[in-house]
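Morning, everyone. I will go through one structure today, and I will give each term its cut-offs as we reach it.

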Amino acid sequence: MRRPFLLLLVAFLALGACRIGLGGDEATEAAPSAMATDAIEVTPLDGPAAVPAADPAAAMAPGAGAPSLPPSPDPAAGAETPAAAEPPPVVKSPSQIDCEKRKGSYVKVKSLFTCVKTPRDAGKRCSRDSDCSGHCLARSQTCAPFDPLIGCNDILDDEGRRITLCLD
């Protein structure tokens, strides 16, 4: 029981001695740290190279010339390479071109592409599948807003019965 108390007391005295050894006013002034550095300068990679800020103390020193600047880029070398590379042209498949001719949208569904079209009777009231050029939706009893219907949807069949159609 006495041993931990004694060790704690010795530790406090050792730490207190460090504080006492600093002296009166010196304790309030912090000595410069070896880790203290100037602020980090951030430059964009695509912009022109920034000139590093000159150290004020070095500028005041006798014999100190202007800070060395990085070499400027040669204007003739810039003419050989384009300033901004143009993106490659978009290559369309024959099925995508055919879909766009039929006023459809070529979209990716899961890992495949399909042509999605808006039927001419989209949103029209229906009571069976034969009333629509696409499918008759069971919940709203309207013609589907697009064709094909992807996923599982409740539709009305040709006799007006509610069925679930699933397309992946």
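Which residue takes a positive phi in the hairpin of S5 and S6? Gly160 does, with a phi near 90 degrees, and this hairpin has five residues between the strands.

Before going on, the ground rules. This is a predicted model, so to speak of local features we need pLDDT of at least 70, side-chain atom pairs count only at pLDDT 80 or more, and totals for chains, interfaces and linings use all residues. Residues are numbered from 1 along each chain as its sequence is written, and side-chain values use heavy atoms, with hydrogens and water left out.

Now the strands. Helices (H or I, at least four residues) and strands (E, at least two) are DSSP runs, numbered from the N terminus. Two strands pair if DSSP finds at least two bridges between them. S5 covers residues 151-156, and S6 covers residues 162-167. They pair in the antiparallel sense over six bridges, with Leu156 opposite Arg162. S5 also pairs with S3, residues 136-137, again in the antiparallel sense, over two bridges. There, Leu156 is the bridge partner of Cys136.

Next, charges. Side chains of opposite charge can pair when their charged atoms come close. A salt bridge here is a side-chain nitrogen of Lys or Arg within 4 Å of a carboxyl oxygen of Asp or Glu. How many salt bridges does that rule give? The count is five.

Arg162 has a salt bridge to Asp154, at 3.4 Å from N to O. For accessibility, buried means under 20% relative accessible area, exposed over 50%, and partly exposed in between, with a 1.4 Å probe and protein chains only. Arg162 is exposed because its relative accessible area is 51%, whereas Asp154, at 25%, is partly exposed.

Arg161 forms a salt bridge with Glu159, with the closest N and O atoms 3.4 Å apart. Glu159 is exposed, at 58%. Asp157, Glu159 and Arg161 are linked in a network of salt bridges.

Another salt bridge joins Arg102 and Asp98, at 3.4 Å from N to O. Arg102 is partly exposed at 43%, and so is Asp98 at 38%.

Last, the rings. Rings of Phe, Tyr and Trp (its six-membered ring) pair if their centres lie within 6.5 Å; planes under 30 degrees apart count as stacked, over 60 as edge-to-face and the rest as tilted. The count is one aromatic pair. Tyr106 and Phe113 form it, and the pair is stacked, with 5.4 Å centre to centre and 5 degrees between the planes. Tyr106 is partly exposed at 23%, and Phe113 is partly exposed at 48%.
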